[in-house]
Structures are given as structure tokens and as C-alpha cells.
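This briefing walks through a structural model, taking up sheets, helices, domains, the chain contact and a few single residues. Please keep the structure in view while reading.

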Amino acid sequence: MPIPDAAGAAGAPRELVRDRVYGRLKDAILTGVLLPGERLDEAELRRWLGVSGTPIRQALHTLSLEGLVQTAPQSHSAVIAPRPEQAQETLQTIGVLLAGATLLTLPHLGAEARAAMGEAIDDVIAQLGSGDVPAITRSAESLFGAMLRSCPNPVLVELIERAAPSLSYHVSVASHGLNADFADLARKYAALKSALDRGDDREAVIATKRVFGVPHPTA
Amino acid sequence: MPVPGSPSSAPVRLLARDRAYEALKNAILTRTILPGERLDDDRLQSWLGMSKTPIRQALHALTVEGFVETVAQSHTRVVEPRAEDAVANLQTIGVVVLGILDFVFEELGETGRLDVVGDLDRLIEALDRLDIDGSIAASAAYYSRLMTHCRNSVLVEFSARALAARAYYVTTAYRALDVQWDEAAAAYRRLRDAVEAGDAEGAADATKLVFRIELPDPQTPGKAS
């Protein structure tokens, strides 16, 4: 789904066991090694990761705060099973954040950067035409990733980069809950490009909302 | 400074970890524990009457949320927000509030709009009195009302979780700095009038002013209708 990758969370020189366990579990969830809804048995995880129960419980707790794992008292943990009816709302939440990043970034974006963004949009539109979902996702990620690199507000960028993996997982796993109409989406991206070309920043923010299905009361 | 507070909608759970989390977060938000204050394991254990493990877990959750940080030698302390980050935090909250407003504005209807205008009147009054606690409380009422009208539950949950710490940074920074009372009151007045008139675009622009977000096309200021 069209949202940027998290910033390279490369290993710090002395990674805590907890952080390593967290990283491996998160990777396993995001890459589908662990499936949505799959039960996370502590004994099995201990054997797989070769660590004690404490870092595993801590990592599961962190992942539950991020919305990737569900835990219940007196019960086992499981990989989150995103509900299809929430896919649309999650996509809209991503849209709120990216429309905000667009709003903050555009006043600072020069002609060259706008042109580069226009090319990135052309790429998204081309991929939408091919219907190749992973390619569509990659092209949209690269478009909004470029936007975030130009965003002057580091707090917002950090918030988006931290939230992105979980939000994007929720959308992609439950994407059958969306009625993805690629031709319609391509028209919305074309409107975004045209607004950027005209230097109509207000319209560009609205176009970004439309791409993600965020309502715009004045539209 | 008026920013959305976190709605205290803690799930009713019995885990010690969750109780420790709620107690600590509440103590931080009510300034029982101050910004920069060190969180000592032993003292927390006797205060909360529980063992080290749930307290550590709670501290970890608060670290993930951004209320608490670990410094050298694994001391834990409450984050001490930097004044120079206040605008970036404020804008970030503003981005989410603008999104919520997009969902809420049409839903409000006439009665809802009147309620919101009432909230904003109380907020403006507090700002006119230069009453920081009053304005924080009044803004919390306004932003909770927006949240309760928002039908996108994912967005509401996300904002409550992700913005609580940012709101804390901003209020802390504003307590330490001089609040621009006139500027804040003027922005909220503009918001109030736009809401009363049912002018969605005007309300969004006034919200941008409140959160110090540049209007996208300053050459065509406010299409007041």
C-alpha cells in the first residue's frame, strides 16, 4: 500500500536483546513468515530465537503497542488479524498524515523538486495501469518517501515513519476490504500532478486526501 | 497552550503493568512527576506497591510513547521537552486535528456546531483571562468533542495514542515560555466564527493558524463567504 518505508532502523552498536528480538519478530510479521492471527507461543519463540522469556514478553508488549500483536490478560498472544472493514479507515489515517506532510512541505518545494515529484506520480499512474500491486505500492512509497525527505517538520516525519509499518500492514493484509479501482485512483493521482504543476498547493493537498479516500468537506 | 489532551479512555484491564502505566502516565500529565524528574525503581515500587517487573514494562510503554526516556547508566526520567521543538510538535498535532475535522465537520450538524461554538467560547474566555489551566481544560473539552464525533475509529485511536506525548511537550513548553495570548485568542475566534457559519474551509484555515501551519496559498487569503 502506498506509504513510505520506515527509516533504516539499522542496528545500533550494542543492541539490547529485547530490541533484537523485537526486530526479528516484527520482520517475521511484516514479511508474512508469521501469519495474521497466528498464535505466538512463548516456548516456541524461545526455541526459535534462543533467548529467555523476558525479552520475548517485552518485545510482544512493544509490538502490541504498535498494533501488530494482540495480547489479552491470562491468554496467549497472537499476530494481529486486521479486519477488512478497518482497511479503509486505516488507509484514510495514512492519508491524513500524508496530506499533512504535503501541506507542510509544498510551500518549501522548489521547481526542480516539483518536477521530480511529477515524474514519480507518472510512475505511479503507469503502475496502476499495469495492475501490478507490489509495483504500485513501491512507486507510491517512493513518491511519498520523496515528499517526506523534503518535509521541514522532523517530528511529523518521525511520527509517520514509526507508524507506517503497522498501518501499512493493516491495509495490505485486509486489502480485500477495499474496493480498489485502479483507473479511478490513476485519475486522482493525475489531479495531484496537475495541481503540483500549476503550483496550486491548496488543491494538491485536497488531491492527496482524495487519493487516500479522506473526505474533504468543501470538495 | 490549548492542545488536545489524551482522552482518558483506559481499557479496564487488571494487569499490574497496565495499572502501573495508568498511574505513571496520570502522574506525569498532572505534573505530580515533573518534566526531567528521575524515575527511581525503588521509589516507584513503594509508591505503586508492586514489583519491579510490571513497573519496568510500564516504563517501557511510556518510553515507546515518548513520555519517558532512558539516559546514561539506564536511569529513567520523564522527558524534558525542548522549547525549540514546540512548533514542530504543535504542527504535528495540527495535522491530525485537521484530519479529524475533515471527518467531523459535516457530521456535526447544527446542534453539534452549537456545542462546538460553546466549547470555543469557553476557551476564548480563558485565553482572554490569561488563564493557562483554564485554557488547557477548555481546549481538552473541545478536542474530546471532535474525537467523539469522528467515525473513523482507527484515526481516533491513532491520535489518542500518538499525540498524547506531543500534547504534553507543547503544554510543558508553553508553561515555560510566554504564551502569545492575543494571537491564540484571535486564531480561536476565527475558528469559532467559521464553525458558527458552517464554513469548513474557514475552520480548517483557522485551525492551521492555531497550530502555526502556514496557509498553502497566502496570496489568496481566506475565502470568507
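Predicted model: local features only at pLDDT ≥ 70, side-chain atom pairs only at ≥ 80, totals over all residues.

- β2(A) and β3(A) belong to an open sheet of 3 strands in chain A, whose order is β1-β3-β2 and whose pairing is antiparallel.
- At the edges of this sheet stand β1 (39-40) and β2 (69-70) of chain A, each of which pairs on one side only.

- Chain B has an open sheet of 3 strands in the order β1-β3-β2, with antiparallel pairing.
- Because β1 (38-39) and β2 (68-71) of chain B are edge strands with a single partner strand each, one side of each is left without a neighbour in the sheet.
- Helix α3 (residues 52-65) of chain B packs on this sheet and touches β1, β2 and β3 of chain B, its direction making about 105° with that of β2(B).
- β2(B) runs antiparallel to strand β3 (residues 75-78) of chain B, and 4 bridges join the two.
- Opposite positions in this pair include B:Thr70 with B:Thr76 in β3(B), and B:Glu69 with B:Arg77 in β3(B).
- The two strands β2(B) and β3(B) form a hairpin with 3 residues between them, and in that turn B:Gln73 has a positive phi of about 55°.

**Helix α3 of chain B**

- The buried residues of α3(B) are B:Ile55, B:Gln57, B:Ala58, B:Leu59, B:His60, B:Ala61, B:Leu62 and B:Glu65.
- An α-helix has 3.6 residues a turn, so residues three or four places apart point the same way.
- After α3(B) comes B:Gly66, which has a positive phi near 100°.

**Domains within each chain**

- In chain A the domain assignment gives domain 1 (17-79) and domain 2 (84-211), and the centres of these two domains, taken over C-alpha atoms, are separated by 30 Å.
- The contact between them involves 5 residues of domain 1 of chain A and 4 residues of domain 2 of chain A, and the residues on the domain 1 side divide into 3 nonpolar, 1 polar and 1 charged.
- Chain B is divided into domain 1 (16-78) and domain 2 (83-210), with 29 Å between their centres, again taken over C-alpha atoms.
- In chain B the contact takes 5 residues from domain 1 and 4 residues from domain 2, and by class the domain 1 side has 3 nonpolar, 1 polar and 1 charged residues.

**The contact between the chains**

- Chain A and chain B touch through 32 residues from chain A and 32 residues from chain B.
- On the chain A side, the elements that give two or more residues are α3 (53-65), α4 (84-105), α7 (154-173) and α9 (201-211) of chain A, and α4(A) gives the most, with 10 residues.
- By class, the residues of the chain A side divide into 17 nonpolar, 11 polar and 4 charged.

- A:Leu91 is placed in helix α4 of chain A, and it counts as buried because it has 27 C-beta neighbours inside 10 Å, where the cut-off for burial is 20 or more.
- The C-alpha atoms of A:Leu91 and A:Val214 are separated by 8.6 Å, although the two residues are 123 residues apart along the chain.
- Most residues other than glycine have a negative phi.
- B:Arg31, a residue other than glycine, has a positive phi near 65°; B:Arg31 is found in the loop between α1 (16-29) and β1 of chain B, and with 14 C-beta neighbours inside 10 Å it counts as partly exposed.
- B:Arg212 likewise is not a glycine and has a positive phi, of about 55°; B:Arg212 lies in the segment after α8 (200-210) of chain B, and its 15 C-beta neighbours inside 10 Å make it count as partly exposed.

Conventions: Residues numbered from 1 in each chain as written. Chains lettered and ligands numbered in written order. Domains from an automatic or database assignment. Contact = placed C-beta atoms within 7 Å. Nonpolar A, V, L, I, M, F, W, Y, C, P; charged D, E, K, R; others polar. Pairing = 2+ DSSP bridges. Axes fitted to C-alpha atoms, helices over the stretch in contact; angles between N-to-C directions. Buried ≥ 20, exposed ≤ 12 C-beta atoms within 10 Å, placed from the backbone.
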